[in-house]
Amino acid sequence: MLLTRRTLLKSSALMGTGLAIKPAAAEAAVSDSGLASEIGDAARSAIRSGACPGVAVHISLRGRSLLSSNYGLANIETASGLAGGSVFRIGSLTKQFTAALVVKLASDGKLDLNDAVSKHLACFAGSPSFTVRELLNHTAGLHSDEQNVSCQTDLARPKSQMALAQEISAQSVLFDFEPGTAWLYSNANYIVLGAVIETLTAMSLADAAAAMIFKPLGLDKTAFDSSDAVVPGRVDGYSPVDGSPGAFTHPAFIEISEAGGAGAMRSTASDLGRWHRALLANRLFDRRFVDAMITPGRLRDGRLSGENRFSPDDASYGEVEYGMGLLVSPSSQAHRSVLHYGFINGFSAFLETFIDLGLTTVVLCNGDVGPALPFRAVRKIVSARILKS
């Protein structure tokens, strides 16, 4: 199964660094070797604690690499170290790529974001109406059965996004709430978006993403993954053994392709940095479509979606809102940022860009979600040293 955001919310604070950030010369801050030292300390601390065998960190400013470092192991059994081109599964960071594919189709006139999903997927024709935009914003209300989505074990015939969407449409409980009335993070939303993409492009989700995003933007190490793919530089994922720091097992098997639009991708730290640079520099579509992705979603009554979170556990999001595949920082934050976390069996990921500064941080780990991962520590270091408190 896909590891869920709920797990993160129970293990660590989602956003806050406790710092009021102000402009500063990022280049000068990075030239101070203290930044690299502190980042290295945070990464090695996570490894020593048994959170994961390896950590990759990439920090860039307006597309220029400021720091690119790798710590620990890509594979425990062969004692292979991480390298610059190490390829990790990235879990729910996939959602922003899926969202971008949908928005790209909208920019090309292939759909309207306010279309009813049933216009494109007949399996939802008899259901209460919900829109493509509501799927993107996690306000559609679709129930996500985490025990069943992406657990296919027949490697010869992994299910398509359309087949999974049809299964979702046939769930005994289809909605957690009336569409458009609340917010709840649901992997089912992005599986269904994957089916919309496959329908409109007449391609597999993997092929559509390669043709529309990865190849045009030069993201050579980024792809939708499959369990049978042979990938140079592939990192192995691990699950920490509870109560035995430094001990790991292989994670539970998942047919990764079935995580689809919700979490099936693989990438490198540097590719992810280039991705945010390209997206936010309007290289994929016009600025108004970029703005649509990074604008907080709203409910049908006009309220911000975060004003009515369906699950009380989601109070941990605080003022953070959800756009389209991206979390959006609160307006009270001095520098607006967009970010997302990604968790899938054996892997954890973090990607954030401060929009006005063009400052991007990527952290990839080959271990399951847990409180000792270095995401929060790295984020605090970047805020304190580069943005300045």
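This is a predicted model: local features need pLDDT of at least 70, side-chain atom pairs count only at pLDDT 80 or more; totals for chains, interfaces and linings use all residues.
Visitor: So contact means heavy atoms within 4.5 Å; which residues of α4 meet which residues in α8?

Guide: From α4 come F97, A100, L101, K104 and L105, and they meet L205, A208, A209, M212, I213 and F214 in α8. Helices are DSSP runs of H or I with at least four residues, strands are E runs of at least two, and both are numbered from the N terminus. Residues are numbered from 1 along each chain as its sequence is written, and side-chain values use heavy atoms, with hydrogens and water left out.

Visitor: Thanks! At what angle do the axes of α4 and α8 cross?

Guide: They cross at roughly 70° and come within 10 Å. An axis is a line fitted to C-alpha atoms, for helices over the stretch in contact, and angles run from 0 to 180 degrees between N-to-C directions. That makes α4 roughly perpendicular to α8. The angle classes are roughly parallel under 35 degrees, roughly antiparallel over 145, roughly perpendicular from 65 to 115, and oblique for the rest.

Visitor: And how do the residues of that contact of α4 with α8 divide?

Guide: Into 10 nonpolar, no polar and one charged. Ala, Val, Leu, Ile, Met, Phe, Trp, Tyr, Cys and Pro count as nonpolar, Asp, Glu, Lys and Arg as charged, and the others, Gly among them, as polar.

Visitor: How many of the residues of α4 are buried?

Guide: 13 of the 14, so α4 is largely enclosed by the rest of the structure. Buried means under 20% relative accessible area, exposed means over 50%, and partly exposed is in between, using a 1.4 Å probe and protein chains only. From its first C-alpha to its last, α4 reaches 20 Å, close to the 20 Å expected at 1.5 Å a residue. The expected span is 1.5 Å times one less than the number of residues. After α4 comes G109, with a positive phi near 80°.

Visitor: Can we pick one residue there? What does A106 touch?

Guide: Leaving aside residues up to four places away in sequence, A106 touches L111, L113 and F289. A106 sits in helix α4, residues 94-107, and counts as buried at 13% relative accessibility. The C-alpha atoms of A106 and F285 are separated by 9.7 Å, although these two are 179 residues apart along the chain.

Visitor: Back to α8. Where do the axes of α7 and α8 stand?

Guide: The axes of α7 (residues 187-201) and α8 (residues 205-217) come within 9 Å and cross at roughly 70°. That makes α7 roughly perpendicular to α8. On the α7 side the contact uses G194, I197, E198 and T201, and on the α8 side L205, A208 and M212. By class, this contact has four nonpolar, two polar and one charged residues.

Visitor: Is α7 mostly covered or uncovered?

Guide: Mostly covered, with 13 of its 15 residues buried. Its end C-alpha atoms are 21 Å apart, which agrees with the 21 Å its residues should span. Just after α7, A202 takes a positive phi of about 55°.

Visitor: What about phi of H138 and N282?

Guide: Both are positive in residues other than glycine: near 60° for H138 and near 65° for N282. H138 lies in the loop between α5 and α6 and is buried at 0% relative accessibility. N282 is in the loop between α10 and α11, and N282 is partly exposed at 33%.

Visitor: New topic: how many aromatic pairs does the structure hold?

Guide: It holds 17. Rings of Phe, Tyr and Trp (its six-membered ring) pair if their centres lie within 6.5 Å; planes under 30 degrees apart are stacked, over 60 edge-to-face, and the rest tilted. Y341 is buried at 4% relative accessible area, and F343 is buried at 3%. There is also an aromatic cluster formed by F97, F214, F224 and W275.

Visitor: And the whole chain, how many helices and strands?

Guide: The protein chain has 12 helices and 13 strands. Of its 389 residues, 58% are buried.

Definitions and conventions:
Contact means heavy atoms within 4.5 Å.
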